[in-house]
Amino acid sequence: LKLQFLYLIGFVCGLRAPQTKKNRQKGREKDHPTEEGKFCPPPLPAASSPMSVSEEELPALLEKFMKYVEQEKEDLVTKLHDFQREYTDEFAGLKLSPGSEEHRLEWTDIYNSYIEILESRLETFQKRHDVDAEGMLQVLGYLEAKFPDIWSPFEALLKSTGYMEFSQMLSEGQCLCCGAPFYPGDEGADGEK
């Protein structure tokens, strides 16, 4: 499921992992040919119970998703702010220019913990409504296309799921939820208690 979540995030954000000789898995070149340095999306992992959401089902499923988000929002934001308070100091002063600093292994562990928080919420919704990763892609794509004013908070949160963006946000004191300044001693990202 983690791979499905990361693919979902990458797809929604328009991110693609560069395919090079160094990071290709042996034998994949034949199935997914790319030229050196070109970008290629990874294949969507097979879901255990595929479900394609029809055009007619999208509005109802989006409504369920938005209700779920509204129910979970306060708890998720609290959890993310607590997480950020706990780990902000780990990334303080990190220089993110290319080749400027080697990233420590524990930073990857912290990042994976962050992804797990988000992934568990997405997984709960998917199980509750029998939706696979492809169905979630459809729902999020529909949300982005039909309701761009509602989409922006999701886009901000999704941005924080890339490792470099995540570490940059922590090192620069930006809230992982919304990108606003984060004040670790306060209750909210915008400084309100």
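The legends below accompany close-up views of a predicted model.

**View 1. Helices α5 and α6 and the residues where they meet.**
Two packed helices are described by the angle between their axes and the distance between the axes. In this view, the axes of helix α5, residues 133-146, and helix α6, residues 148-159, come within 6 Å and cross at roughly 125°, which makes α5 oblique to α6. From α5, the residues that take part are Leu 140, Leu 143, Glu 144, Ala 145 and Lys 146, and they meet Pro 148, Ile 150, Trp 151 and Phe 154 of α6. Sorted by class, this contact has seven nonpolar residues and two charged ones, with no polar residue.

**View 2. The largest nonpolar core of the model.**
This core has 22 residues, and the members that touch the most other members are Leu 80, Phe 83, Phe 91, Ile 110, Tyr 114, Phe 166 and Leu 176. At least two residues of the core come from each of the helices α3 (58-91), α4 (105-128) and α7 (163-172), and α4 gives the most, with seven residues. When neighbours within four places in sequence are left aside, Phe 166 is in contact with Phe 83, Phe 91, Ile 110, Tyr 111, Tyr 114, Ser 160 and Leu 176. Another core, of 17 residues, lies apart from this one, and Val 53, Phe 65, Tyr 68 and Trp 151 are among its members.

**View 3. Phe 83 and its aromatic partners Tyr 87 and Tyr 114.**
The whole structure holds 13 aromatic pairs, and one of them is the tilted pair of Phe 83 and Tyr 87, whose rings are 4.8 Å apart centre to centre, with 50° between the planes. Because Phe 83 and Tyr 87 are four residues apart in helix α3, they are separated by about one helical turn. Phe 83 also forms a tilted pair with Tyr 114, at 5.6 Å centre to centre and with 40° between the planes. Since Phe 83 lies in helix α3 and Tyr 114 in helix α4, this second pair ties together parts that are 31 residues apart in sequence. Phe 83 has a relative accessible area of 6% and is therefore buried, and Tyr 114, with a relative accessible area of 0%, is buried; Tyr 87 is buried too.

**View 4. An aromatic cluster that includes Phe 83 and Phe 166.**
Together with Tyr 87, Phe 91, Trp 107, Tyr 111, Tyr 114 and Tyr 163, the residues Phe 83 and Phe 166 form one aromatic cluster. Phe 166 is in contact with several residues of this list, including Phe 83, Phe 91, Tyr 111 and Tyr 114.

Technical notes
Residues numbered from 1 in each chain as written. Predicted model: local features only at pLDDT ≥ 70, side-chain atom pairs only at ≥ 80, totals over all residues. Heavy atoms only, no water. Axes fitted to C-alpha atoms, helices over the stretch in contact; angles between N-to-C directions. Parallel < 35°, antiparallel > 145°, perpendicular 65-115°, else oblique. Contact = heavy atoms within 4.5 Å. Nonpolar A, V, L, I, M, F, W, Y, C, P; charged D, E, K, R; others polar. Core = buried A, V, L, I, M, F, W, Y, C linked by side-chain atoms within 4.5 Å. Buried < 20%, exposed > 50% of the residue type's maximum accessible area, 1.4 Å probe, protein only. Phe/Tyr/Trp six-rings, centres within 6.5 Å; stacked < 30°, edge-to-face > 60°.
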